[in-house]
Amino acid sequence: MSNIKLDLSYTGVIEKEISRYSQKVEKIYNNLKEISDDKNEFVGWLDLPTNYNKKEFNKIKKMANKIRKDSEVFVVIGIGGSYLGARAVIESLTSNFANMLPNNIRKSPQIFFVGNNISPNYINELIDCIGDKDISINIISKSGTTTEPAIAFRIFREYLESKYGVDEASKRIYVTTDKKKGALKQLADEEQYETFVIPDNIGGRYSVLTPVGLLPIAVAGINIDKLMEGAKNAQENYSDNNIKYNQCFRYAIVRNILYKKDKQIEIFANYEPKLHYFTEWWKQLYGESEGKQHKGVFPVGVDLTTDLHSMGQYIQDGLRNIFETVINIEESKTDIKIKRDEDNIDGLNFLAGKTMDYVNKQAMKGTLEAHVAGGVPNIILNIKELNEQTMGELIYFFELACAISGNILGVNPFDQPGVEEYKTNMFKLLGKPGYKNK
Ligand code: PA5
């Protein structure tokens with residue numbers, strides 16, 4: 001049974017419009033299945049929940065336990081698909097203040113993400129923060145040549161070697177990269193770093209359930225068996241070609257129908273700050289997969305109710321080219337009852353006895369009605385609670401929906417040719433050999 005319940009009743013889209021896509025989507029899905037074993041196609045994520053490397057998976061658990069024992073800080077170096085998935089899952093399933101909790105409560109290393117920007121301040125300030133704590137690092141890069149993580153790795157490798165000496169440092173460096181190719185693989189072999197393989201047929205933004213995401217997630221103390229179980233559940237649930245029942249296909253179809261109705265912007269909205277990075281992961285997945293050939297829905301995200309006080313005006317009243325996809329977590333992990341106050345100076349006694357989660361839910365309902373009335377169609381995803389299984393399901397749901405949606409749009413959802421443009425210009429400005437005349 002699926003833990004994700006899709007509610008399309010606020011989209012204005014009718015069943016007849018959806019059913020028109022039936023054959024097209026069936027064909028797309030069958031084609032994805034057919035090419036999922038092909039090592040030259042980037043569809044390895046499709047059956048990953050039932051077809052992953054068990055030996056590698058066990059090694060992840062073993063190494064994560066070692067890191068949890070010998071490190072107070074774990075630095076994850078990567079950018080884009082090589083960090084967003086791990087961060088999304090870790091932040092969704094751990095305390096908002098995990099890195100600030102005292103050791104005895106946290107029970108996991110502090111986890112920091114670097115190599116996702118080129119700010120010297122960010123790294124200098126992190127090194128100050130690490131101080132004399134014991135640290136391990138995980139460099140994640142499929143190509144092994146991406147500038148941002150490569151610079152950060154050079155700095156942290158030197159930092160570790162001067163802190164521990166070369167031998168001990170090499171036992172604290174974990175490399176997640178291609179099986180055979182790339183500078184990182186070569187270095188890892190030379191220095192005998194522990195390595196994890198990113199499968200050839202899985203691209204960065206679809207890689208969270210490979211060692212790319214799983215090692216940092218396991219170091220955070222999250223049960224990766226359950227995460228995979230959730231994804232497996234989704235794989236089974238969304239293999240039904242009948243679009244009347246396949247919620248994943250329906251999401252992909254409806255966002256394309258809305259796009260055709262001139263809703264070019266999709267706002268991913270959450271009411272739980274833990275989901276901020278899940279939104280970032282979703283944005284990359286859809287933005288990089290669909291924004292091609294001068295088309296595609298532009299994915300943006302809001303954290304609510306926070307952003308109702310900054311973006312709310314625009315959503316309610318600006319250009320009518322937007323629709324929203326709202327994640328509703330039905331049961332909050334914890335709650336707080338609002339107490340009665342004798343003086344009631346803040347006038348809040350009308351909420352006495354109610355819980356904060358109840359207030360949050362009413363804010364969500366009120367916002368939904370206002371936005372829909374204001375001409376913003378809303379897709380709702382109801383999830384019972386945030387846990388390993390539901391996160392696994394959500395990841396698979398959005399990956400499959402993205403692949404279907406990109407194909408409906410008529411683009412290749414697995415490449416990212418546009419990302420190279422800025423790199424060429426940057427390398428030219430920096431004088432990288434071979435880029436002078438490009
Ligand atoms: O989804 C993608 O392919 C990209 O976001 C990459 O993950 C990102 O550019 C990092 O690439 P690499 O893992 O090669 O360092």
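## Report on the predicted structure

Phe-350 counts as exposed because its relative accessibility is 61% (buried means under 20% relative accessible area, exposed over 50%, and partly exposed in between, with a 1.4 Å probe and protein chains only). The structure is a predicted model in which local features need pLDDT of at least 70 and side-chain atom pairs count only at pLDDT 80 or more, whereas totals for chains, interfaces and linings use all residues. Residues are numbered from 1 along each chain as its sequence is written, and side-chain values use heavy atoms, with hydrogens and water left out.

Phe-350 belongs to the loop that connects β9 (322-329) with α15 (356-373); helices (H or I, at least four residues) and strands (E, at least two) are DSSP runs numbered from the N terminus. Between the C-alpha atoms of Phe-350 and Pro-49 there is a separation of 48 Å, and the two residues are 301 residues apart along the chain.

**Backbone features and accessibility**

The loop between β9 and α15 also holds Asn-344, a residue other than glycine whose phi is positive, near 50°. Gln-192 likewise is not a glycine and has a positive phi, of about 55°; this residue sits in the loop between α9 (183-191) and β6 (194-197). A cis peptide bond, with omega about 10°, links Leu-304 to Thr-305. Thr-305 is part of the loop between β8 (298-303) and α14 (312-317).

| Residue | Relative accessible area | Class |
|---|---|---|
| Gln-192 | 67% | exposed |
| Asn-344 | 26% | partly exposed |
| Cys-129 | 36% | partly exposed |
| Cys-402 | 0% | buried |

**Cysteines**

A disulfide is a covalent bond between the sulfur atoms of two cysteines. Zero disulfides were found in a search of the whole structure, the criterion being a pair of cysteine sulfur atoms within 2.5 Å. Cys-402 is in no disulfide, and the nearest cysteine sulfur to it, that of Cys-248, lies 10.0 Å away. Cys-402 counts as buried because its relative accessible area is 0%.

**Nonpolar cores**

The largest nonpolar core has 95 residues, and those that touch the most other members are Leu-215, Phe-278, Trp-281, Phe-398, Leu-400 and Ile-404. Such a core is a set of buried Ala, Val, Leu, Ile, Met, Phe, Trp, Tyr and Cys residues joined through side-chain atoms within 4.5 Å. Helix α16 (residues 388-409) supplies the largest share of this core, 13 residues. Beyond its neighbours within four places in sequence, Ile-404 is in contact (heavy atoms within 4.5 Å) with Val-25, Ile-28, Tyr-29, Leu-32, Phe-249 and Ala-252. There is also a second, separate core of 23 residues, with Ile-130, Ile-137, Ile-139 and Leu-184 among them.

**Largest pocket**

The largest pocket contains about 920 Å³ of space, the volume filled by probe spheres set on grid points joined across faces, edges and corners. On a 1 Å grid over the protein atoms alone, a pocket is an open set of points where a 1.4 Å probe fits, with protein on both sides within 12 Å along at least five of seven lines; lining residues have an atom within 4 Å of a point. The largest pocket is lined by 38 residues, of which Ser-143, Thr-146, Glu-288, Gln-416 and Lys-423 are the closest to its centre. Two or more lining residues come from each of α7 (147-164), α13 (276-290) and α17 (420-430). The element that gives the most to this lining is α17, with four residues.
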